[in-house]
Amino acid sequence: MKGSLIISLSLLVLVACTSKSPMDKYIDNLMGQLTLEQKIGQLNLHSAPGFISAEKVMEEDENAKLLNQGLLGGVYGATNMTILRQYQDIALQSGAGIPLIFGMDVIHGHQTVFPIPLGLSTSWNMELIEQSARAAAREASACGINWVFSPMVDICRDARWGRIAEGGGEDPYLGGEIAKAMVYGYQGRDDVYDTDDVMACVKHYALYGGALAGRDYNSVFLSRQEAMNGYMHPYKAACEAGAGSYMSSFNEFEGIPATMNKWLMDDVLRKSWGFDGFIVSDATAIAEEIQHGIGDLQEVSARSLQAGLDMDMNSDGFVGTLLQSVKEGRVKEADIDHACRRILEAKYKLGLFEDPYRYLSEERYATEVYTPENLAFARKVAQECQVLLKNEGVLPLRKGAKVAVVGPLAADASSMAGTWSQSNHNAESVTLWQGISEVTPTTFAEGSWLLRDAAIEDGVRYGLIRMFAPGTPIPPVHARPQAALVAEAVAQARRADVVVACVGEIPGMNGEGASRTDITLPDTQVEMLKALKATGKPLVVVLVSGRPMDLTAVEPLADAILNVWSPGSEGGHAVADVLFGDVNPSAKLTTSFPRSVGQLPLYYNHKNTGRPHPDYEPYRKFTSCYTDELNGPLYPFGYGLSYTAFSYSEPVLSTTEMPVDGSVTASVMVTNTGKRDGDEIVQLYIHDIFATSTRPVKELKAFRKVHIPAGESVKVDFTLTKEDLSYYNHELEWVCEPGDFEIMTGPNSRDTQMVTLTVK
Ligand code: NOJ
């Protein structure tokens with residue numbers, strides 16, 4: 001008996017050994033040859049120095065020195081192919097000879113730039129979003145990059161946060177669909193990394209968008225239940241799509257910085273969701289844990305590793321302290337082994353052990369980057385990402401009409417590229433004025449200062465240059481008086497048929513480290529709009545922005561408002577395509593646009609409270625509202641106009657009673673009642689009105705973008721199952737609780753029609 005047990009056990013061990021994958025065998029073998037120091041070296045990621053030349057890499061570069069000692073696992077932020085090649089050469093010749101992974105912030109396109117992610121999300125077109133990530137992957141990989149710091153899937157409900165520009169808006173379900181599309185786009189839909197695939201890095205894990213008061217890097221105070229229901233789904237969806245890596249976030253959660261938060265990284269991401277890739281810290285996030293008040297560099301490095309973090313970006317905490325921590329028994333070598341293995345696995349999956357130079361193809365670099373085809377695609381993408389917020393019959397414009405193009409953003413190429421664009425071609429982006437002037441006769445006037453305060457304007461325009469390239473000549477701001485700029489614009493407006501005012505935010509006013517307490521259009525620009533309005537000429541506002549702005553003062557001045565975000569390399573062309581009606585706008589908001597900053601955080605999927613107050617009714621004592629403002633947004637989540645109009649039938653359910661394990665189909669008839677063909681984004685929301693925890697008044701659960709020719713109707717069917725009706729209860733169990741649900745369909749989150757479904 002005993003003997004046969006031993007035989008079966010040995011058989012088991014044998015089977016386990018022989019059934020190891022080639023990757024596991026390769027990495028077992030490699031790890032066996034590494035010293036502890038070399039393993040720690042793999043956990044170290046550095047940025048490439050900004051202005052180093054290829055010739056200098058060998059002699060002066062800190063990274064080259066670390067590489068020579070085998071103390072670097074990856075480099076990010078370098079796109080110069082010669083430098084990347086030199087780094088790889090050194091890595092292969094040094095101690096362990098392990099190839100480097102090359103990362104980069106490829107956020108919305110690479111050299112060819114697509115609309116900023118918030119803009120991209122307003123297309124609600126997952127195929128398009130996937131293709132845009134695919135195009136970015138092709139370009140990035142042709143530039144030597146094999147790992148991109150994207151998608152950014154942080155849900156945000158507070159437009160003060162500058163980084164709302166980088167994500168997919170306020171809704172977790174939509175955010176999850178976008179996260180999947182982006183991961184598929186970057187990595188491809190199969191398990192193999194081809195040379196034009198790159199590894200995704202989902203960020204910022206987790207809950208970074210919940211920063212208190214919208215102030216960047218601020219603490220996050222959410223319950224676990226609210227986090228799981230309102231914020232975590234996109235991170236999970238990205239994991240299900242096979243994302244290869246995650247980046248931890250700067251914020252704390254439950255009193256523990258995310259970068260050392262075991263619950264987030266180990267319990268949820270790894271154990272509950274089954275993530276098997278590696279987690280990198282955000283830049284200097286380990287060292288920042290000292291500022292959080294957790295301890296010295298040795299302490300925070302040890303705790304981060306033990307919580308499940310694998311790679312240290314720019315803190316030198318792992319290379320600087322882990323060896324000592326092992327010697328002191330503070331950290332187990334096994335923890336370092338786990339982290340090192342995950343990083344080596346990523347390199348193996350990327351094919352770097354087979355050919356460390358497989359992404360370093362000069363030929364691809366010369367032929368596949370910033371091509372006419374990619375630019376044409378960028379134009380198509382940007383056409384689908386413009387939200388028409390208002391149109392009093394003035395759009396589309398007539399080709400041939402004399403247009404006065406005015407405003408501080410009309411001729412600004414960098415505002416087309418937007419935040420987090422590191423393209424060499426940003427300055428060539430097609431400006432709004434250029435795009436419009438290719439279609440019709442125009443004049444141009446700057447029209448106003450960007451901002452009243454010259455010091456702040458200088459900061460948002462040139463802050464990065466001052467920080468990273470001191471000594472670069474910088475033109476003065478406010479070179480001409482505001483009154484002269486306005487007068488010039490007014491004079492041109494008087495001579496024109498129509499005015500197109502290009503206003504809003506330049507990239508320095510949104511994105512990382514660019515939170516605002518005032519999200520109105522700057523008063524200098526409003527002053528210009530008022531003067532233009534007084535001319536009596538039709539006034540079209542083209543709004544460039546990276547966040548939902550408070551447009552309360554702008555709305556009454558404009559005959560039309562087209563929100564174009566930062567639309568990318570081909571922005572000016574794509575905006576002109578919509579302004580002149582070659583393209584019928586179809587985008588819809590993925591964030592609520594507030595009436596006032598005082599409403600923030602503002603989001604459509606809020607709870608009801610025990611004393612609810614209707615969104616668009618004035619103040620009433622002892623209800624949940626404001627004395628001085630409506631509860632409802634100026635423009636709701638899901639909102640956007642078209643040059644045609646659509647009408648909706650009431651939703652019809654295939655059954656009004658659904659067994660928990662059954663399904664139900666909600667059908668709605670959508671009719672194009674206008675004169676033009678158009679695309680409409682049809683939305684379905686639910687409200688769980690009988691649950692053991694409170695549930696949001698509306699939750700998006702399905703949507704479909706449909707093309708409807710003029711005068712025709714399309715029936716849209718949505719099938720719902722238990723999965724769509726489930727949520728995380730107080731014990732964090734994923735449950736579908738029997739009871740009544742409101743099922744709502746409509747063109748946006750405000751204008752819905754409802755039927756009731758009973759789940760048994
Ligand atoms: C900090 C940002 O938070 C993150 O999004 C970015 O990927 C890293 N820096 C690297 O540039």
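Hi everyone. By a polar contact I mean a pair of N or O atoms within 3.5 Å. Keep that in mind as we look at this structure, which is a predicted model.

Let's start at the ligand. It is surrounded by 13 residues, and the closest are Asp105, Arg163, Lys203, His204 and Asp282. How far is a polar side-chain atom of aspartate 105 from an oxygen atom of the ligand? The distance is 2.4 Å, so this pair falls within the 3.5 Å cut-off. Aspartate 282 also has a side-chain N or O atom 2.5 Å from a ligand oxygen, and for lysine 203 the corresponding distance is 2.9 Å.

Now over to helix 22, residues 482-494. With 13 residues at 1.5 Å each, this helix should span 18 Å, and its end C-alpha atoms are 19 Å apart, which agrees. Which of its residues are buried? They are Gln482, Leu485, Val486, Ala489, Val490, Gln492 and Ala493. These cover an arc of only 165 degrees around the axis, so they sit on the same side of helix 22. An α-helix has 3.6 residues a turn, so residues three or four places apart point the same way. The buried residues of helix 22 pack against strands 12, 13 and 14 and against helix 23. On the face turned away from them, you'll find the exposed residues Ala483 and Arg494.

Five strands form an open sheet in the order 19-27-26-21-22, with mixed pairing. Its edges are strand 19 (657-658) and strand 22 (699-708), each pairing on one side only. Further in, strands 21 and 26 run antiparallel and are joined by six bridges. Histidine 687 stands opposite glutamate 742 of strand 26.

Thanks, happy to chat!

Notes:
Residues numbered from 1 in each chain as written. Predicted model: local features only at pLDDT ≥ 70, side-chain atom pairs only at ≥ 80, totals over all residues. Heavy atoms only, no water. Pairing = 2+ DSSP bridges. Helix = DSSP H or I, 4+ residues; strand = E, 2+ residues; numbered from the N terminus. Expected span 1.5 Å × (residues − 1). Buried < 20%, exposed > 50% of the residue type's maximum accessible area, 1.4 Å probe, protein only. Arc of directions from axis to C-beta. Contact = heavy atoms within 4.5 Å. Near = heavy atom within 4 Å. Polar contact = N/O pair within 3.5 Å; in protein donor to acceptor, adjacent residues only side chain to side chain.
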